[in-house]
Amino acid sequence: QVQLVESGGGLVQGGDSLRLSCAASGSFFSTYAMGWFRQAPGREREFVAAVSRSGSITYVINSVKGRFAISRDNAKNSMYLQMNSLKPEDTAVYYCAATVAGGSSDLYPLRSQYAYWGQGTQVTVSS
């Protein structure tokens, strides 16, 4: 089992950058594939990015491609989401999630595929 805690959210202006962190406690962090989701008010929770258990394979959705980057450091039991050129439409609560990976290169884009979730961190981008 793994416990997840997000940090790094805040209130920024459009065009600014933020780096979200997800700290994991528990054993065998490197066996988990990880992902970031976000949920804006009145909307469904949306997949944003995923990283394989080794960190060698990553994926981000089209709307953030070129602006966001996902990464992980298994030695630090941590995952990150670097967010650049933020836009007001990026405003949401951001959640990190983990699931036991079937393969070393597997990515998981569906909310239902994740067993473990953090409590979320608020990101607000003003125009």
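The legends below accompany close-up views of a predicted model. Local features need pLDDT of at least 70 and side-chain atom pairs count only at pLDDT 80 or more, while totals for chains, interfaces and linings use all residues. Residues are numbered from 1 along each chain as its sequence is written, and side-chain values use heavy atoms, with hydrogens and water left out.

**View 1. Where β3 meets β8.** Strands β3 (residues 18–26) and β8 (residues 78–83) run antiparallel and are joined by six bridges; two strands count as paired if DSSP finds at least two bridges between them. To find your way in, look for L20, whose bridge partner in β8 is L81.

**View 2. The aromatic pair F37 and Y114.** The structure holds six aromatic pairs, meaning rings of Phe, Tyr and Trp (its six-membered ring) with centres within 6.5 Å; planes under 30 degrees apart count as stacked, over 60 as edge-to-face and the rest as tilted. The ring centres of F37 and Y114 are 5.4 Å apart and the planes stand at 80 degrees, so this pair is edge-to-face. Because F37 lies in strand β4 (residues 32–39) and Y114 in the loop between β9 (92–100) and β10 (116–117), the pair ties together parts 77 residues apart in sequence. F37 is buried (under 20% relative accessible area, with a 1.4 Å probe and protein chains only; exposed is over 50% and partly exposed in between), at 1%. Y114 is buried too, at 6%.

**View 3. Arginines over tyrosine rings.** Here the charged end of R45 sits over the ring of Y95, 3.6 Å from its centre. R19 lies over the face of Y80, at 3.9 Å from the ring centre. The criterion is NZ of Lys or CZ of Arg within 6 Å of the ring centre and within 35 degrees of the ring normal.

**View 4. S52 and its surroundings.** S52 lies in the loop between β5 (46–51) and β6 (58–60), and is buried, with a relative accessible area of 0%. Leaving aside neighbours within four places in sequence, S52 is in contact (heavy atoms within 4.5 Å) with I57, R72, S104, S105, D106 and L107.

Note on methods. Helix = DSSP H or I, 4+ residues; strand = E, 2+ residues; numbered from the N terminus.
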